[in-house]
Amino acid sequence: MPVELRKRKAPAPAPAPEPPAKKQSKAPKASKVAKVAKAATKVKASVKSAAAKPAETNGSPKPGKPVVGSVLSLDGFGGEVETNDGTKTTLKALVDESTAGVVLFTYPKASTPGCTNQACLFRDSYTDLTKEGLLVYGLSTDSPKANTTFKTKQNLPYPLLCDPSATLIGAIGLKKMPKGTTRGVFVVDKTGKILLAEPGSPAGTVDAVKKLIAAGGISAAKEEPATGKPTNGQAAEEKKTGEVVEKPAE
């Protein structure tokens, strides 16, 4: 009999190897968490500190906006400016020369339509504005030459102040950032008290001073101007020719 060959069963396939277990991410160490929290606290503290500090310019605190009713220390306030005829002066010197205080009206650029309108309105109201002893000055960043031309052409009875660095304009809160001048008006009395400080239109700046005077806002004690000295660009009155001065009885 032929031998019957039996087929061997194929061996079962080897089981697939199990995938390696994923490494569990290590929990952050407590020290790292503490460091992050500490850094965040420092950042918050520095932000609060920066917000609390006043803005500084060239290492000096930036002056705040003037507030009506507050009293200025006039020494050094606004730095030095120049009149259109080339005379160096300060706000303190101008106030000292006055009998009741000083009016400064600011304008962006001499001889432009709006500024001419404003300057002429102050010219036309000059007598009413100065009757209580206030002195009036125009103030801009223009050069002495530009302001002299402006003053002469418009026949302005008051001096024009030249502040090319805008130190005084900035001090009274009427400097436009980053560059330029805001049209406005600023009034300070003999004691340094701010009576008026606001931006306005050409007519609005004049009207604001008129209202201040009408309301009796010029309350500082008046002083008699020195005899023989010009006041606010006006020549002192000369004695009438032929006037007889009586000698006191002995």
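Two strands count as paired if DSSP finds at least two bridges between them. I started with that rule because the first thing I looked up was which residues face each other across paired strands.

**Entry 1. A pair of strands**

The model I have open is predicted. I looked at β5, residues 101-106, and β8, residues 184-189. They pair in the antiparallel sense, over 6 bridges. In this pair, Val102 has Val188 of β8 opposite it.

**Entry 2. Strand β8**

I went back to β8 and asked how many of its residues are buried. The count is 6 of the 6, so β8 is largely enclosed by the rest of the structure. The cut-off for buried is under 20% relative accessible area.

I also noted which way its residues point. In a regular strand the side chains alternate between the two faces of the sheet. Gly184, Phe186 and Val188 point one way from β8, while Val185, Val187 and Asp189 point the other way.

On to the β9 side. β8 and β9 run antiparallel and are joined by 5 bridges. Phe186 stands opposite Ala197 in β9. The hairpin of β8 and β9 has 4 residues between the strands, and in it Gly192 takes a positive phi near 95 degrees.

**Entry 3. Nonpolar cores**

I looked up the largest nonpolar core and found 26 residues in it. Phe122, Tyr158, Val187 and Val209 touch the most other members. The elements that give two or more residues to this core are β5, α3, α4 (126-130), β6, β8, β9 and α7. Of these, α7 gives the most, with 5 residues.

I picked Val209 and listed what it touches. Leaving out residues up to four places away in sequence, Val209 touches Val103, Phe122, Leu129, Val185, Val187 and Leu196. There is also a second, separate core of 22 residues, which includes Leu91, Ala166, Ile169 and Val188.

**Entry 4. Cysteines**

How many disulfides does the structure hold? A search of the whole structure finds 0. A disulfide is a covalent bond between the sulfur atoms of two cysteines. Cys120 has 13% relative accessibility, so it counts as buried. Cys162 has 1%, so Cys162 counts as buried as well.

Met177 and Pro178 are joined by a cis peptide bond, with omega about 0 degrees. Pro178 is in the loop between α6 (167-171) and β8.

Ser111 is not a glycine, yet it has a positive phi of about 70 degrees. It lies in the loop between β5 and α3. Is Ser111 buried, exposed or partly exposed? Its relative accessible area is 44%, so Ser111 is partly exposed.

Asn155, again not a glycine, has a positive phi of about 55 degrees. I found Asn155 in the loop between α5 (144-154) and β7 (160-162). At 61% relative accessibility, Asn155 counts as exposed.

**Entry 5. Totals for the chain**

Last, I noted the overall numbers. The protein chain has 7 helices and 9 strands. Of its 250 residues, 33% count as buried. Among contacts between residues at least 6 apart in sequence, 66% join residues at least 24 apart. The chain exposes about 17,300 Å², and carbon and sulfur atoms supply 56% of that area.

Definitions and conventions:
Residues are numbered from 1 along each chain as its sequence is written. This is a predicted model: local features need pLDDT of at least 70, side-chain atom pairs count only at pLDDT 80 or more; totals for chains, interfaces and linings use all residues. Side-chain values use heavy atoms; hydrogens and water are left out. Buried means under 20% relative accessible area, exposed over 50%, partly exposed in between (1.4 Å probe, protein chains only). A disulfide is a pair of cysteine sulfur atoms within 2.5 Å. Contact means heavy atoms within 4.5 Å. Accessible areas come from the Shrake-Rupley method with a 1.4 Å probe; for residues, only the protein chains shown count as cover. A nonpolar core is a set of buried Ala, Val, Leu, Ile, Met, Phe, Trp, Tyr and Cys residues joined through side-chain atoms within 4.5 Å.
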